[in-house]
Amino acid sequence: MRKLNTKKLGIAVGATGVILYLGCALLMIVLGQQGTISFFNALLHGFDTSSIIRMDIPLWESLLGIILTFIIGWISGAIVAATYNYSLNDSEN
């Protein structure tokens, strides 16, 4: 079996997280507060998100969120790749 490239998987997961983050921001802009609440209530089947949806998010907070989402995604992808690669080495012995 082939090993996973830890850096590339980290970047892929981080980039995916950023795309989802930006998609969520776009959704909030397009749908407005009530549409966003309805969307997430439907997505989270049974949770009422009306008390936690905040529409007045400053730009600096959004940029920080994008950066942190990428970092957390990168770390998650790297851990998955490293664990997978380690398990390959372990099974070969």
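Student: Trp74 first: how accessible is Trp74, and which class does that put it in?
Tutor: Its relative accessibility is 30%, so Trp74 counts as partly exposed. Buried would be under 20% relative accessible area and exposed over 50%, with partly exposed in between, using a 1.4 Å probe and protein chains only. One caution: this is a predicted model, where local features need pLDDT of at least 70 and side-chain atom pairs count only at pLDDT 80 or more, while totals for chains, interfaces and linings use all residues. Residues are numbered from 1 along each chain as its sequence is written, and side-chain values use heavy atoms, leaving out hydrogens and water.

Student: Okay, where does Trp74 sit?
Tutor: Trp74 is in helix α2, which covers residues 59–92. Helices here are DSSP runs of H or I with at least four residues, numbered from the N terminus.

Student: Which residues make up the nonpolar patch on the surface?
Tutor: Trp74 is one of them, and the others include Ile11, Trp60, Phe70 and Ile79. Together the patch residues have about 1000 Å² of accessible area, worked out by the Shrake-Rupley method with a 1.4 Å probe. To join such a patch, a residue needs over 30% relative accessible area and no salt bridge, and nonpolar side chains (Val, Leu, Ile, Met, Phe, Trp, Tyr) are linked within 5 Å.

Student: Which helix gives the most to that patch?
Tutor: Helix α2 does, with 10 residues. Ile79 also has its place in α2.

Student: New topic: how many salt bridges are there?
Tutor: The count comes to 1 salt bridge, taking that to be a side-chain nitrogen of Lys or Arg within 4 Å of a carboxyl oxygen of Asp or Glu. The partners are Glu61 and Arg54, at 2.3 Å from N to O.

Student: What about pockets, how big is the largest pocket?
Tutor: Its volume is about 300 Å³. A pocket here is an open set of points on a 1 Å grid where a 1.4 Å probe fits, with protein on both sides within 12 Å along at least five of seven lines, and lining residues have an atom within 4 Å of a point.

Student: What lines the largest pocket?
Tutor: There are 13 lining residues, and Tyr21, Ala25, Met28, Ile57 and Ser62 lie nearest the centre. By class, the lining has 10 nonpolar, 1 polar and 2 charged residues. Helix α1 (6–43) and α2 each supply at least two of the lining residues, and α1 gives the most, with 6.

Student: Last one: where is Arg2, and how far is Arg2 from Leu88?
Tutor: Arg2 is in the segment before α1, and it counts as exposed at 74% relative accessibility. Arg2 and Leu88 are 86 residues apart in sequence and 8.5 Å apart in space, C-alpha to C-alpha.

Definitions and conventions. Patches are made of residues with over 30% relative accessible area and no salt bridge: like charges are joined within 9 Å, nonpolar side chains (Val, Leu, Ile, Met, Phe, Trp, Tyr) within 5 Å. Grid points are joined across faces, edges and corners, and a volume is the space filled by probe spheres set on the points. Ala, Val, Leu, Ile, Met, Phe, Trp, Tyr, Cys and Pro count as nonpolar, Asp, Glu, Lys and Arg as charged, and the others, Gly among them, as polar.
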